[in-house]
Amino acid sequence: MSRLIVISNRVSAGGGAQGGLAVALSAALREHGGIWFGWSGKETNEFTGHINFERVDGVTTATVDLEEQDIEEYYDGYANRTLWPLFHYRIDLAEYERSFADGYRRANERFADTVLPLIEPDDLVWVQDYHMFPLGKELRARGLGNRIGFFLHIPWPPRRLLATLPEARTLTEGLLDYDLIGFHTDEWLQSFGDYVKHDLGGTIDDDGWLTVGERRVRLIACPAGIDAKEFAALAASEKAKETYERVRRSAVGRTLIVGVDRLDYSKGLEERFLGYERFLTEHPEERKEVTLLQIAPPSRGTVDSYQRIRSALEGLAGRINGAHAGLDWVPIRYVNQGYTRDMLAGVYRASKVGLVTPLRDGMNLVAKEYVAAQDPEDPGVLILSRFAGAAEQMTEALLVNPHSAEEISDALGRAIAMPRDERIRRWRTLMQGVEEHDVMWWSKRFTDALQACDVHSTAHDESPHGAH
């Protein structure tokens, strides 16, 4: 079996608070053997290419430190102020600076130079996410002939939106140096294919093979999952039980609605609060009978747009609580800190409604974690945005338009009033999907498809992409 070389912006092979991606990739690496390579998250005065090796929970990690300018231009700049907002359909927030694009390219060149000596001839190379679009091209330029796959964890925007990016053509052409490109959903795959067909003159056959000039790349839709059994076991752990009891006591008999999201404008938190406020207004009988617990740990605090969303949410929560609260009740409990996965499992299980309403999201594994944590005899109800990637699979959730306060309000009313037998029926169908398409299914489907690709021919590298 080939070793697996996983390359991503951040490396997180251990620790109780790691997210779905870290759990997935750690499991794949334990199965295949290999190395997880990426940025350490730390700064150095001068980039030297020095690699920090560690072995954590059976996974070997290799990380490098970046210079302050790299972090500002590659990570804070191009990744988080240009690509992230654009790919989440927020061109109003996207910032196009040449220095950002230059830093992004430079960081990827440095990653390629550093990881190349770690790759053995038979290794499979699996590159993760929008931070590293050009990495395959950089590795090919250095003579790497291994199979290289790329997986995008966020949406691929429609062609007309992507066209607003000055480097759109260069970025997309660079992806043609991968052997396999994976997307969470058919929608994102089709958006990518639409751009390649119209702007690069490509064709896609019925088996998902994209041809542009002399390059052939396989495209697959491969929705990520969670370790469903492990998360269900977490929900039964002592820490989860302790958290469950604590949360239930704090609710004092009220119906608990929970949202757990990184503090980000793509998550629809302002719209969620407004939908909840509308529910309180339209259902006065439910006032003092419900509580919304919103957990939103801050992220990317140096980026202006994230500072603005935090300020806006704090103001909105304060206004809603001021207008509706009583002496013994506040409608929104808004918490700006993160919790370990076992504690979150307890929170999910204690809540009667899970509110997952991003405006646009590549997948949203919180929806699957919420389902996996439920009590099979008395499960909660999942309310899910139609624009989350998970909505394609999780059709037994109550699907809503997150831009509509009325739809969120209606769904809350329906979820709270839902009979137990309907809750159980919906949960069983959702849980079956979560278990069948779990993290190991995801990683195996991708790595099997990558293994099946022909070994890359470096002769293709000599054919200029400009002919497309």
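Let me start with disulfides: this structure has 0 of them. Keep in mind that the model is a predicted one. As a reminder, a disulfide is a covalent bond between the sulfur atoms of two cysteines.

Take Cys222. Cys222 takes part in no disulfide, and the nearest cysteine sulfur belongs to Cys453, 13 Å away. A pair counts as a disulfide if the sulfur atoms lie within 2.5 Å, and here the nearest one is at 13 Å. Cys222 is also buried, with a relative accessible area of 0%.

Now Cys453. For Cys453 the nearest cysteine sulfur is that of Cys222, 13 Å away, and Cys453 is in no disulfide either. Is Cys453 buried or exposed? Cys453 is buried, at a relative accessible area of 4%.

Next, strand E7, residues 180–183. In a regular strand, side chains alternate between the two faces of the sheet. In E7 both faces are covered. Leu180 and Gly182 are buried on one side, and Ile181 and Phe183 are buried on the other.

Which strands does E7 pair with? One is E6, residues 148–151, which pairs with E7 in the parallel sense over 3 bridges. Within that pairing, Phe151 has Gly182 of E7 as its bridge partner. Another is E10, residues 215–221, which runs parallel to E7 and is joined to it by 4 bridges. There, Ile181 stands opposite Leu219 of E10.

To recap E7: Gly182 is the bridge partner of Phe151, Ile181 faces Leu219 in E10, and both of these E7 residues are buried.

Key. Residues numbered from 1 in each chain as written. Predicted model: local features only at pLDDT ≥ 70, side-chain atom pairs only at ≥ 80, totals over all residues. Heavy atoms only, no water. Buried < 20%, exposed > 50% of the residue type's maximum accessible area, 1.4 Å probe, protein only. Helix = DSSP H or I, 4+ residues; strand = E, 2+ residues; numbered from the N terminus. Pairing = 2+ DSSP bridges.
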